Amino acid sequence: PKSTLKIGAKHARAATDIATSLDSESTVLYSALSHEFNPDWSAGLDLQVQRSQFRQSVGQRDVADLTFSSVLNLSWHFRQNWWLEAGYLYDRLDSDLPNRSFYRNRLAIGFIAVF
């Protein structure tokens, strides 16, 4: 009963970190799944894909980035106001620009106390 699924899309223009570009036009598709196994244990999965097209102020052609991000997390609620969380994060960027593409894997462990 306390599980949710969100799916969406967004299209917008935004400033960019590309020095030769005026701005970017991005389309984002995303989803977020949250599932409570019982009152003490829950998990989540977030996925996002973004394509950004950069309008070049110099050069002959526009360039684009394709970004994929995912987060998988597990949460244990072991006392009334205390949680432990663990997560795995994966990011990948494929770019038309040289030396910009990358991928990374990250692990996160956290403690949450609410008073």
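This is a predicted model: local features need pLDDT of at least 70, side-chain atom pairs count only at pLDDT 80 or more; totals for chains, interfaces and linings use all residues.
The paragraphs below lead through this structure from its overall form to single residues and the pairs they make.

The protein chain contains zero helices and six strands, so that, read from the N terminus onward, its elements run β-β-β-β-β-β. Buried residues make up 20% of the 115 residues, and the chain exposes about 8,300 Å², of which carbon and sulfur atoms supply 58%. Where contacts join residues at least 6 apart in sequence, 43% of them link residues at least 24 apart.

Strand β2, residues 21-36, pairs with β3 in the antiparallel sense over 15 bridges, and the two form a hairpin that has four residues between its strands. One of these bridges can be found by looking at Ser21, whose partner in β3 is Gln56. On β3 there is also a pairing with strand β4, residues 63-79, again antiparallel, and here 14 bridges join the two. In this pairing Phe54 has Val63 of β4 as its bridge partner.

Although Val28 and Lys10 are 18 residues apart along the chain, their C-alpha atoms are separated by 5.1 Å. The second residue, Ser70, is found in strand β4 and is likewise buried, with a relative accessible area of 11%. When residues up to four places away in sequence are not counted, Ser70 touches Asp46, Leu47, Tyr88, Leu89 and Tyr90.

Charged side chains give another way of following the structure. Side chains of opposite charge can pair when their charged atoms come close. The structure holds five salt bridges, among them one in which the side chains of Glu25 and Arg13 meet at 3.4 Å, N to O. Since Glu25 lies in strand β2 and Arg13 in strand β1, this pair ties together parts that are 12 residues apart in sequence. Both ends are partly exposed, Glu25 at 33% relative accessibility and Arg13 at 45%.

Another salt bridge joins the side chains of Asp65 and Arg100 at 2.8 Å, N to O. Asp65 is in strand β4 and Arg100 in the loop between β5 and β6, so this pair ties together parts that are 35 residues apart in sequence. Asp65 is buried, with a relative accessible area of 5%, while Arg100 is partly exposed at 22%. A further bridge brings together the side chains of Asp91 and Arg104 at 3.0 Å, N to O, and this pair links strand β5, which holds Asp91, to strand β6, which holds Arg104, across 13 residues of sequence. Here Asp91 is buried, with a relative accessible area of 10%, and Arg104 is partly exposed at 39%. Asp91 and Arg104 also belong, together with Arg106, to a network of salt bridges.

The last stop is the surface. A nonpolar patch there is formed by Leu5, Ile7, Leu33, Leu45, Leu47, Leu72, Tyr88 and Leu107, which together have about 780 Å² of accessible area. The elements that give two or more residues to the patch are β1, residues 4-14, and β3, residues 41-56. Leu107, one of the patch residues, has its place in strand β6, residues 102-113, and is exposed, with a relative accessible area of 72%. Asn99, by contrast, lies outside the strands, in the loop between β5 and β6, and counts as exposed at 83% relative accessibility. The backbone of Asn99 deserves a look as well, for the residue has a positive phi of about 60° although it is not a glycine.

Technical notes: Residues are numbered from 1 along each chain as its sequence is written. Side-chain values use heavy atoms; hydrogens and water are left out. Patches are made of residues with over 30% relative accessible area and no salt bridge: like charges are joined within 9 Å, nonpolar side chains (Val, Leu, Ile, Met, Phe, Trp, Tyr) within 5 Å. Accessible areas come from the Shrake-Rupley method with a 1.4 Å probe; for residues, only the protein chains shown count as cover. A salt bridge is a side-chain nitrogen of Lys or Arg within 4 Å of a carboxyl oxygen of Asp or Glu. Buried means under 20% relative accessible area, exposed over 50%, partly exposed in between (1.4 Å probe, protein chains only). Two strands pair if DSSP finds at least two bridges between them. Contact means heavy atoms within 4.5 Å.
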